[in-house]
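Thanks for asking me to look over this model. Here are my notes, point by point, to read with the structure open beside you.

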Amino acid sequence: MSDRQRARPIVIVTETPAKESRLRSRLETATERDIRTVSAPTDPDSLLESMTAPPGAKRDGGAETPSTHGEDSAISEPETADDETVPMTPSAVVLELDRPDDIQALLQRVHADLSDVPTIVAPHEGSERLATVALRAGATDYVPMKRDEDPIDRIVSAVQSERSVLSDDDSRYHHILANELPDEAFVIGEDGTYLEAKVRPESGDLYTIPANELVGTTLADAFSDSVAADLQDCIDQAIQTDDVQSIEYQASTTDGCRQFEARVVPIDERIQGRRAVVWLARDITERVEREQRLRSRQDQLETLNRINAVVRQVIETLVEAPARDTIEREVCEQLVDSELYCGSWIAEWTGDGQLSYRTGAGDAETVLECVRECSGEYENPVEQAARTGELRTTNAIVENESLPEELREAARTDDVRSGIVVPITHEDATYGVLTVLAGRDDAFSERERAEFELLGETIGFTIMAVKNRQLLFADSVVELEFQIDGGDTFCFDLSEQYDCTGSLEWAGTTSNGRTFQYVTVDGLGCETVLEEARDHESVEECRVIHDGDERCTIELRLSTSGVRTLANHGATIRDVTVEDGVGTCLVEVSQDADIREIAEALTVAYENAELAARREVDRAVRTAAERRTRILDGLTDRQLTTLRLAYYGGFFDWPRESTGEEIAEAMNISPPTMHQHLRKGLKSILGEFFEDSTGTGTGID
């Protein structure tokens, strides 16, 4: 390299205020040319003055950082006839900038006065927008610093080329396209003809027309008529407005239909005598698929939120429902009113083994009638759910070839796409099935099924509660007496083996689902009763409550409880005894109770159970004052005084306001005596409440 060439420095323009260049030291190592660093001024004219000032000259523009190749005074000055100092022309200008507006303004100024000087845009981060600005402003090359390949070789190559090498009209566009950001880049004429094409290798494998064969073809050759027309409209818009346009489009590839996004940049100069655009495109198929999945999840979440709101609204309605018919009607109507579902109905088994329609809402009458009349070997989802007690869903009904054609045709008529059948249950009692239909193909996702399962259990619980409430407040009830001839349970086995009698004191379930019974056994010692209980498969735990002479009361924790099923059907058990292997069960039900349903429920638990008697019983009506008097009459004076002192003295508060010793001292009795009066008084009150109000309880093994 001659001294004259070396004297023409590479000028690096950095951000304002001047910052240390990331490129300078590396360029000094890679080239013998001198390197000059100036800061980008607010006025492009002052930059030009700063770049072309001879070594040692005082410059008012950007601040200069001397090259490590030597001081400015050592740089040879070009010789003239008059041996005068003349402006120095740079060998290349490198814009180490990241602001698009600065890049555009400085490139325009440099190209206006130094048209043969190569210009390289070398931003730190790089972006598609910066690449577009560099391309439109006529940069020789665009070399982002953050990229896989080393940018220094590219910059040195651009400097050595000298701008005169780039003589063709379209060569500088091709130079940038060859190394730019998008998956594919083209120069396309205003008539839609490909003038230049560049495609990344991994993208090129997807093309039905090889990239090297695209030049000379048109958009109509590469795309369908409708897509080609849209792309041509975008090119026309870019040229007419002289502004960058964006468009998304689909293209058929060897990997199927893929989605692309393009930036269309109009070119100021004519290429081959015509206006043209630079088409920068990237494959956005994966992004579009992610967005579609995200939108799908958002739609599902919104739908689920609406379902949650409907379920909450239905549950709130159930709390105040006065009767079972009202509960079922409100459920069906509110589900349809939500506009999420097009039909809903509730059915139950009848005595002859058929499903009986109870109530419904919506317009899916054709599907309902088809389900009613469906016969033969096919068991529809409604029958399956009613028989098994398990939730059933059917999506894409119209396309589901496993369904009978008449049912699919009925779904087409009513525009039904999906259905769910929900058992209405409470513990081991099933009150029917809820069928819900929707106009969406996949309406019942896993989370939606969970919501409906909860709804079915809630309806079942409410129906049970309504039945119990009707029984509790009824002035007259129906008393049913059942005879049970043998049963595979602890009390029956014990009675048959030892000729003893078992009587149920109380049975029920705790909040954590544990089933307990309190049973009194007459005619057998406590040790034998406990031993047999511990060995029986239905008993999980047992303990003694009272131990007498050939008589005891034990607490049993059971794995199953058969007669307790009666409580789920609105029955209150008044008395249960087992003697000589035969049981007698006395229950009360409301006047409108389904006695057949209750008898069938008991038969499920005990195969040889039959209804022996049915009696209507009028309940004695007591006022609150009469009941209070009856309770107080059952207490002694000492018991009543102890209870009053303990209550008003805060003995029952937590923490206690008075201790047992303080209550005893107030009564002038010993603490053990006080506790004896207290316990006996409480037992008398609780006995009046539990035994008179609720009878035996809610179940028995």
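1. D415 sits in the loop between α15 (405–414) and β15 (418–426); helices here are DSSP runs of H or I with at least four residues, strands are runs of E with at least two, and both are numbered from the N terminus. Its phi is near 55°, a positive value in a residue other than glycine. At 52% relative accessibility, D415 counts as exposed. For the wording used throughout, buried means under 20% relative accessible area, exposed means over 50%, and partly exposed lies in between (1.4 Å probe, protein chains only).

2. Before you go further, a word on the source: this is a predicted model, in which local features need pLDDT of at least 70 and side-chain atom pairs count only at pLDDT 80 or more, while totals for chains, interfaces and linings use all residues. Residues are numbered from 1 along each chain as its sequence is written, and side-chain values use heavy atoms, with hydrogens and water left out.

3. D242 also deserves a look at its backbone. It has a positive phi of about 55° although it is not a glycine. D242 belongs to the loop between α10 (225–241) and β9 (245–253), and it is partly exposed at 37% relative accessibility. As background, most residues other than glycine have a negative phi, and most peptide bonds are trans.

4. Which two residues does a cis peptide bond join? They are W654 and P655, with omega about -5°. P655 is placed in the loop between α21 and α22. F652 is found in that loop between α21 and α22 (660–667) too, and a relative accessible area of 43% makes F652 partly exposed.

5. F652 leads on to a surface feature. Together with Y647, Y648, L682, L686, F689 and F690, F652 forms a nonpolar patch with about 800 Å² of accessible area. Patches are made of residues with over 30% relative accessible area and no salt bridge, where nonpolar side chains (Val, Leu, Ile, Met, Phe, Trp, Tyr) are joined within 5 Å and like charges within 9 Å. The areas come from the Shrake-Rupley method with a 1.4 Å probe, and for residues only the protein chains shown count as cover. Helices α21 (637–648) and α23 (671–693) each supply at least two residues of the nonpolar patch, and α23 gives its largest share, four residues.

6. E527, E531, D535 and D547 make up a negative surface patch; Asp and Glu count as negative and Lys and Arg as positive, with His and the chain ends not counted. The place of a charge is taken as CG of Asp, CD of Glu, NZ of Lys or CZ of Arg. Helix α18 (residues 526–535) gives the most to the negative patch, with three residues. E527 lies in α18 and is exposed, at 69% relative accessibility.

7. How many salt bridges does a search of the whole structure find? The count is 28, a salt bridge being a side-chain nitrogen of Lys or Arg within 4 Å of a carboxyl oxygen of Asp or Glu. One of them pairs R324 with E348, whose closest N and O atoms are 3.3 Å apart. R324 lies in helix α12 (residues 324–337) and E348 in strand β12 (residues 343–349), so this pair ties together parts that are 24 residues apart in sequence. Both R324 and E348 are buried. A network of salt bridges links R324, D325, E328, E348 and R358.

8. Another salt bridge runs between R557 and E541, with 3.3 Å between the closest N and O atoms. Because R557 is in strand β21 (residues 551–558) and E541 in strand β20 (residues 539–548), the pair ties together parts that are 16 residues apart in sequence. R557 is buried, with a relative accessible area of 16%, whereas E541 is partly exposed at 45%.

9. Finally, the cysteines. The structure holds zero disulfides, a disulfide being a pair of cysteine sulfur atoms within 2.5 Å. C332 is buried at 0% relative accessibility, while C342, at 23%, counts as partly exposed.
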